[in-house]
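Please look at the sequence and the model below before reading on.

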Amino acid sequence: MSSVDVVTVGQGPGLVVLPGSTRRARHYAALAAALSPAYTVHVVERRGRGRSPAQGSSYGLDQEVSDALEVLSETGSRQLFGHSYGGLIALHAALRTDLDRVIAYEPGVSIHGAMPFDWMPRYAQLLAAGKPARAQVHFLHSVDLMPGGPVVTAAVWAMQRFTTEGRAVRELLPTVTRELGEIRAMDSDGSRYAAVTAPALLLGGGRSPAYIQEALPFLAEIMPNAKVIMTPEFDHNAPDLGDPAAVADLIRA
């Protein structure tokens, strides 16, 4: 039995799904349902979530990759989908095992320092001070995924206290520091991904930040078997919130 909890639906060849930061397995229920007629979908509840182990003192990208490889092995799956930080894990899993296909939606890959990380110390301070709403807005505004300001912070504060979704995100905020720290530690010229020889599909949206969009064609040039599909109306959360059915169509096609 794998170290991490896994939610399984569907029938057909196995496809393992790796959630992004601040995301739980249940955020991909609609994506999994849309894929379930064609695939047996195994959505991983990554570390620090639900019944899966805590991140722990030895946490790192290698541990996430080992978890993904374990689920692939135990389920007999040979396809892997990762969203955001889950996409980074998926690419590194593809460096360590043979896959029939790896699909990454806007993977958390920083090339030549393109991703912003200067927000991280302030984020940690706000969390430590018991200000999770301010911390969440500071993080997402700094990486260009949310507007900032007091009105937005007040709305997030209310969501964190009075909605199931807001409370779920608040619980996961402490995991962000470690996960984004791993993305920063993996910043490079991208050449390591030349060793991803599996057929790779890199997906992205035209409403996502420029630094995310620009990484995809760069990766596709480095990876020998990769192609990019950019969908103008998608944003960074298309697989979990925006249009999971349309993302499923791209994966199936």
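The model is predicted rather than determined by experiment, and the values given here are computed from it. Its largest pocket holds about 780 Å³ of space, and among the 36 residues that line this pocket, those closest to its centre are Thr-22, Leu-140, Leu-145, His-236 and Asn-237. Helices H5 (132-142), H6 (150-162), H7 (164-185) and H8 (210-222) each contribute at least two residues to the lining of the largest pocket, with the largest share, five residues, supplied by H7. By residue class, the lining of the largest pocket divides as shown in the table.

| Class of lining residue | Number of residues |
|---|---|
| nonpolar | 19 residues |
| polar | twelve residues |

Helix H4, which covers residues 120-128, has Met-120, Tyr-123 and Leu-126 as its buried residues. Seen down the axis of H4, these buried residues fall within an arc of 120°, and they therefore line one face of the helix. Pro-121 and Ala-128, by contrast, are exposed on the other side of H4. The cover over the buried residues of H4 includes H5 and H7; H5 and H7 are also among the helices that each supply at least two residues of the lining of the largest pocket. Just after H4 comes Gly-130, which takes a positive phi of about 75°.

Methods: Residues numbered from 1 in each chain as written. Predicted model: local features only at pLDDT ≥ 70, side-chain atom pairs only at ≥ 80, totals over all residues. Heavy atoms only, no water. 1 Å grid on protein atoms, 1.4 Å probe; cavity = no way out; pocket = protein on both sides within 12 Å on 5 of 7 lines; lining within 4 Å. Points joined across faces, edges and corners; volume = space filled by probe spheres on them. Helix = DSSP H or I, 4+ residues; strand = E, 2+ residues; numbered from the N terminus. Nonpolar A, V, L, I, M, F, W, Y, C, P; charged D, E, K, R; others polar. Buried < 20%, exposed > 50% of the residue type's maximum accessible area, 1.4 Å probe, protein only. Arc of directions from axis to C-beta. Contact = heavy atoms within 4.5 Å.
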